[in-house]
Amino acid sequence: MASPANPGGQVQSISPSDKAEGAKAHPQLVREFGGAVSGPQASYVEGVGKTIAVQSGLGNARSDFTVTMLNSPVNNAFAVPGGYVYVTRQLVALMNNEAELAGVLGHEVGHVAARHAAKRESAATRNTIFGVLGTVLTGALLGNSALGQIGQKIFSTGSQLLTLKYSRGQETESDALGVTYLRRAGYDPRAMSSVLRSLANQNALDAQILGTPDRLPAWASTHPDPASRVSAALALAGQNPRGLVNRDVFLSRVNGLTYGDDPAQGIVDGRSFTHPVMGFAFQAPAGFSLLNGTRSVAINGQSGKGQFASAAYNGDLAAHIRTVFAGLSSQQQVAPDTIQTATVGGIPAAYGTLRSSSDGNPVDIVVFAYAWSGKETLYFTTISQAGQAGEFNSMFSSLRRITPAEARGVRIRKLAVVSVKRGDTPASLAARMAYTDRQLDRFLVLNALTAGSQLVPGSKVKLIVY
């Protein structure tokens, strides 16, 4: 086995073809992930990213790389051929020092250096840039049947959750390359292990909050299991590792970063979703949770799941509903059994239903669409165990236009860096978090702390505030 510092199969430079491919994909990737963050925070991330990317030897100058912080509330990072490296603001907010930021971006550059995307492309005949669409999995309700694939398509939240599905060996190799790049750049190589631990903890907390198994798509948390990734990365750091972490610099630079949903993409607050720009709101049924994406909102519950999205409208709701059904599967024809009209809060609406089966189990699929304007329709697509589609009726009837005052009242969550004062405890600081649930758990994961952690007066911690 080749050494991590120079594993076999690494590319030695950025080829003209890779540059062209990356340049072509870049605008679409940025658009799909909510746009690029601009300003001093983004410039700081760009600088750290270029510093670590140069350590790969793919380019001779910092100008050979394009590093972008994306306006996304999902923990994710990736790189594509051509020297294009990306990290979401949400993942940056989870980190606790500059070395962790460098480690995440170095890991992604490692995938490019080791040509992992091309190798997965060869094995799976997939597009090397756009990878596999992340999905909120359906558990026992759906399998690998055609309708199982429909369910996964319904629950995808768009490219917001995009991640290339690398193999176990490829993830391990990129961890090793990330550690190597950290060491070369003068950072503490243990940062790869610590950021992996934070990601595993955040992934587990998200799953608990959503009431789903711990398997939501998240950066670097699937191959292999997170615990072994953490210990392996720590072992790679070696005995008596040294290097910079630049914690205080990092915290000062990310202070004020938008956290969670951007109002321009709509805001999830518990079971409620409000879009102050488009001017509407709806509420998921009791027992269901919402996960926001750039282009859609995933709805998750034990007895059913769904997605909310918008589309261009040509004045024919029935035609739109048939188009949505037709797009649910490339393996079989899918069409509604019936389409009926309705009115919700004065908004013209229509809905189509289909009774079918998935792995021998009967299921109901519903597409409920609204003529939101002359040019745009809003619609839900849901799937549930047969006879339980009615659980979504309250959600379908909850869609409404909001007032200008309600739109102005939507608040943005921000990352705030504060100094610990004498007498402060994790519990007392967590009480300031801008959430009504799991405040202490959120605070501990955000700051890479445990329940027994002692806070030192004068040290810095992160809060999420309005």
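Predicted model: local features only at pLDDT ≥ 70, side-chain atom pairs only at ≥ 80, totals over all residues.
**View 1. Arginine 401 sits over the face of tryptophan 372, 4.0 Å from the ring centre.** For a charge to sit over a ring, NZ of Lys or CZ of Arg must be within 6 Å of the ring centre and within 35 degrees of the ring normal. Residues are numbered from 1 along each chain as its sequence is written, and side-chain values use heavy atoms, with hydrogens and water left out.

**View 2. Phenylalanine 280 and tryptophan 372 form one of the 17 aromatic pairs in the structure.** Rings of Phe, Tyr and Trp (its six-membered ring) pair if their centres lie within 6.5 Å; planes under 30 degrees apart count as stacked, over 60 as edge-to-face and the rest as tilted. Here the centres are 5.7 Å apart and the planes meet at 80 degrees, so this pair is edge-to-face. The two partners are 92 residues apart: phenylalanine 280 belongs to strand β6 (residues 280–283), and tryptophan 372 to the loop between β12 (361–371) and β13 (376–385). Helices (H or I, at least four residues) and strands (E, at least two) are DSSP runs, numbered from the N terminus. Both residues are buried, that is, under 20% relative accessible area, with exposed meaning over 50% and partly exposed in between (1.4 Å probe, protein chains only).

**View 3. Phenylalanine 368 and phenylalanine 396 make a stacked pair.** Their ring centres lie 4.7 Å apart, with the planes at 20 degrees. Phenylalanine 368 is in strand β12 and phenylalanine 396 in helix α12 (residues 393–398), so the pair ties together parts that are 28 residues apart in sequence. Both of these phenylalanines are buried. One aromatic cluster includes Phe280, Phe368, Trp372 and Phe396, along with Tyr351 and Tyr370.

**View 4. The largest nonpolar core holds 63 residues.** Such a core is a set of buried Ala, Val, Leu, Ile, Met, Phe, Trp, Tyr and Cys residues joined through side-chain atoms within 4.5 Å. Touching the most other members are Val87, Leu91, Val92, Met95, Leu101, Phe250 and Phe443. Helix α4 (residues 98–113) gives the largest share, eight residues. Another core, of 24 residues, lies apart from it, with Phe280, Ile299, Val344 and Trp372 among its members.

**View 5. Which residues of helix α15 (residues 439–446) are buried?** They are Arg442, Phe443, Leu444, Val445 and Leu446. Their cover includes α3, α8 (191–210), β15 (414–419), α14 (426–430) and β16 (460–465). Just after α15, alanine 448 has a positive phi of about 55 degrees.

**View 6. Asparagine 96 is found in the loop between α3 (89–94) and α4.** With 4% relative accessibility, asparagine 96 counts as buried. A polar atom of its side chain is 3.4 Å from the backbone oxygen of leucine 446. Beyond neighbours within four places in sequence, asparagine 96 has contacts (heavy atoms within 4.5 Å) that include Ser198, Phe250, Leu446 and Ala448.

**View 7. Glutamine 202 lies in helix α8.** At 8% relative accessibility, glutamine 202 is counted as buried. Leaving aside neighbours within four places in sequence, glutamine 202 is in contact with Asn75, Leu94, Tyr259 and Val445.

Conventions:
Polar contact = N/O pair within 3.5 Å; in protein donor to acceptor, adjacent residues only side chain to side chain.
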